[in-house]
Amino acid sequence: MKKKWAILGSVFFLAALICLCIGRYPIHPDQVIRLLLTGPGADNPATGNIADQMKIFWNIRVPRVIMTVLAGAGISTAGAVFQALFRNPLAAPDILGVTAGAGFGAALAIIFLVPAAIVIQTSAFVFGITAVTLAYILAGLSRDRSPSVLVISGIVISAIFQAGLSFIMYLANPYDQLAQIIFWTMGSFHTASWAKIQAILPVLVPGILALVLFSWRLNIMTQTEEDALSMGIPVMRWRIFYVVVSTLMVAAAVAAAGTVAWIGLIVPHIARYLSGPEHTRLIPMSAFLGGLFLMVMDTVARSVLLSEIPISIVTSFFGAPFLGYLVIHAGKARFSHDT
Amino acid sequence: MTLDIRHLTAGYGKKPVISDINMTAAAGRICAIMGRNGSGKTTLLRCINRVLPLMAGSIRIMGEDATQLARHHIAQKISVVPQAAFSPFAFSCLDMVLMAGAPRIRAWAAPSKKEICSAAAAMAETGIDHMKNQPFNAVSGGERQLVMLARALFQQTPIMLLDEPTAHLDFTNQHRIMALMHTLARKRKMTVVITLHDPNLSHYYCDDVVLIHQGRIAAAGTTADTLTDTVLTRVLGDNIQLDVTTKGVFVAVPRTIPPKMDDMADQSLENQKPYNKKVSL
């Protein structure tokens, strides 16, 4: 286990170094290490080329890499948690409507409010949380307390917010607003900045740590409600705790970058392949792999073509075939209930 | 009495499934709950475990009112072996057993080395310690039942409830698990409550029996006194009789075997005769 983490750690640092080098403005690895050692905004009398490089490096590339790692880790951890809560390896963190709500909130801000980054981000965050709360209230009105009712409520609420989003897109000015909304719904980290990191870090880091800390109980949450109760776990209360923490994290990540498709579903599967299904090992592995995966995907998104590719296109393009590969090779037991 | 139930009425929605149930169970003894399908056996177990709220009556566990106990306190007193178990994820058998440590383990902690050893000991007690690292979903139905039993043992409770533990097991495994329960009840001084369908198993392994008919107690008492022809006929239907085989084994067998299609073609009257041939085990 220790050896595995040592290998994964080295892979991560190597990947981070490469991601910092690659870009529209390539920086030599030597230079990257020098810049990292000098620190940001160091009072260097350097002029011209070096100063530009430093600015690009510290104000654009570093925050972008940090943000992708944070968002990827947060969304993937939430994905692993949701798969446990809904006892279904195909559950994704947006199953309760957080993404649909956030998309609606962002579009609303772009059209009717001030289309400034902080306003869009706040509106997306608030509506993401609102959507999940509504799904929870709707499920609470039913006498059936099973997670499947919650999933159906999530589908209902998602559909309503999707319709709202489509309506706003219909109203939008096709020359600038519509493009902005569409780009948002496909996600991108090109707006990454230290200010955005300041906004999402206080949600994502404590969120991931809380889920790592309370990861063992997730094993019990995958059992039937009656079995979990028999083992002394007040299921309803713990389900709310896990849903609240995961939703806050996904809402924060999505609000900052727009929709990031697939990674919440696929990364936990890759993690299970490496660490097994036991959650004290699975949750840290999901966080780690999610950060790594999204960092690499974002580097692809910003460097393959001359212009930026939306992140969801890249994650779907690489993620979906990978899940297909796992379906074929990982064996039956990982996807089916019984043997 | 570790378990004392008085005038219990419960059900789903507004309609009671069981009403006016009175029963007790004592430490070191196995109590069988018998009755036909839909008679309310599982409902009664769910009430004792406080998963289903009571409509009327009272349940006292170790002298305490069960309705006043918090979830994790109940889990420290009662463990449950469910009828059939599967896991949506391929946990190892040891991970499945460890889950029952939850009432003792703090919410933010994982099982300690000591807990892992004690879980392994519970698996050894049910004879499955060689399966610790096997995925739960890949072992056979009988072995899964033993894993669930080890899990209930690891919960270390004075009371254990088993919901038809023999339902999916083959003949040998049925007797194996019942014999194991008998030993455990005596050795650990546990109060064991089991729902069963087979009167033979109740007779061989259980000390007390409670028979439920249409949601009410039809008879209750020690197995030797209670399991009689009249009682069984009243509760399980009129096609049952008790007998002793030529080798001296007590058995409950059908009174008549209904005529079958191929026999009827013979139009032989032999088939209409009561089925009196003795069956040996």
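How far apart are the end C-alpha atoms of helix α6 of chain A, and what should its 25 residues span? I looked this up at the start. The helix covers residues 147-171. At 1.5 Å a residue it should span 36 Å, and its end C-alpha atoms are 36 Å apart, so the two agree. The expected span is 1.5 Å times one less than the number of residues. Helices here are DSSP runs of H or I with at least four residues, strands are E runs of at least two, and both are numbered from the N terminus.

I noted the ground rules. This is a predicted model, in which local features need pLDDT of at least 70, side-chain atom pairs count only at pLDDT 80 or more, and totals for chains, interfaces and linings use all residues. Residues are numbered from 1 along each chain as its sequence is written, while chains are lettered from A and ligands numbered from 1 in the order written.

**Burial in α6(A)**

I listed the buried residues of α6(A): Pro147(A), Leu150(A), Ser153(A), Gly154(A), Ile157(A), Ser158(A), Phe161(A), Leu165(A) and Ile168(A). Buried means 20 or more other C-beta atoms within 10 Å of the residue's own, with C-beta atoms placed from the backbone.

**Chain A against chain B**

I found 27 residues of chain A in contact with 27 of chain B. Contact means C-beta atoms, placed from the backbone, within 7 Å. On the chain A side, α9 (216-221) and α10 (225-230) are the elements that give two or more residues. That side divides into eleven nonpolar, nine polar and seven charged residues. Nonpolar covers Ala, Val, Leu, Ile, Met, Phe, Trp, Tyr, Cys and Pro; charged covers Asp, Glu, Lys and Arg; the others, Gly among them, are polar.

**Domains of chain B**

I have domain 1 at 3-238 and domain 2 at 239-281. The bounds come from an automatic or database domain assignment. Their centres, taken over C-alpha atoms, are separated by 33 Å. Nine residues of domain 1 of chain B touch seven of domain 2. On the domain 1 side, α9(B) gives the largest share, four residues.

**The sheet in chain B**

I traced an open, antiparallel sheet of four strands, ordered β2-β1-β4-β5. Strands pair if DSSP finds at least two bridges between them. β2 (15-25) and β5 (64-65) of chain B are at the edges with a single partner strand each, so one side of each lacks a neighbour in the sheet. β4(B), residues 56-61, pairs with β5(B) over two bridges. Ile61(B) is opposite Glu64(B) there.

Conventions:
Contact = placed C-beta atoms within 7 Å. Buried ≥ 20, exposed ≤ 12 C-beta atoms within 10 Å, placed from the backbone.
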